[in-house]
Amino acid sequence: MTTAPSRQRRVLVVDDDDDSRELLEELLNLSGHCAVTAASAAEALDKITSEKPDLALIDLSLPDADGCEVARQVRERLGRDIRLVALTGYSDPVTRQRAFDSGFDRFVVKPLIGNTLEALLLE
């Protein structure tokens with residue numbers, strides 16, 4: 001049984017892996033949030049503009065552009081009006097710093113577990 005969140009968030013999930021993207025979308029929707037998805041950088045930039053999410057969970061390895069490039073473009077277009085979370089399988093300090101330098105607010109190493117997801121939504 002799921003409970004309604006204290007504040008519904010509109011969340012964009014950006015991941016080229018279908019299973020990962022669909023699982024996060026389902027978890028978010030079951031938790032009472034509104035999830036939208038994108039499988040590429042181009043699609044992510046379009047959806048950020050059209051859907052106006054509160055939060056974007058962005059995989060750093062996308063087929064058409066690096067997730068850090070997505071973050072840079074989002075910051076140029078929207079400034080700090082959206083929270084950006086880098087999702088990656090890489091945990092090295094160089095990747096982490098590169099993500100923060102490109103405009104991400106948070107850095108999360110996959111797999112994204114329930115408590116971490118809940119904490120991101122409460123921030």
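These legends accompany close-up views of a predicted model. Residues are numbered from 1 along each chain as its sequence is written.

**View A. Helix α3 (67-78) from end to end.** Helices (H or I, at least four residues) and strands (E, at least two) are DSSP runs, numbered from the N terminus. At the N-terminal end D66 caps α3, with a side-chain oxygen 2.6 Å from the backbone nitrogen of C68. After the helix comes G79, whose phi is positive, near 65°.

**View B. The buried face of α3.** Here G67, C68, V70, A71, V74 and R75 are buried (under 20% relative accessible area, 1.4 Å probe, protein chains only; exposed is over 50%, partly exposed in between).

**View C. F104 and its surroundings.** Beyond neighbours within four places in sequence, F104 is in contact (heavy atoms within 4.5 Å) with I58, L60, G67, C68, A71, L84, V85, A86 and A99.

**View D. Two loops with backbone details to look for.** K52, in the loop between α2 (41-51) and β3 (55-59), has a positive phi of about 50° although it is not a glycine. K52 is exposed, at 54% relative accessible area. Elsewhere, the K110 to P111 peptide bond is cis, with omega near 5°, and P111 sits in the loop between β5 (106-109) and α5 (114-122).

Notes: This is a predicted model: local features need pLDDT of at least 70, side-chain atom pairs count only at pLDDT 80 or more; totals for chains, interfaces and linings use all residues. Side-chain values use heavy atoms; hydrogens and water are left out. The arc is that of the directions from the helix axis to the C-beta atoms. A polar contact is a pair of N or O atoms within 3.5 Å; within protein, one must be able to donate a hydrogen and the other to accept it, and residues adjacent in sequence count only if both atoms are side-chain atoms.
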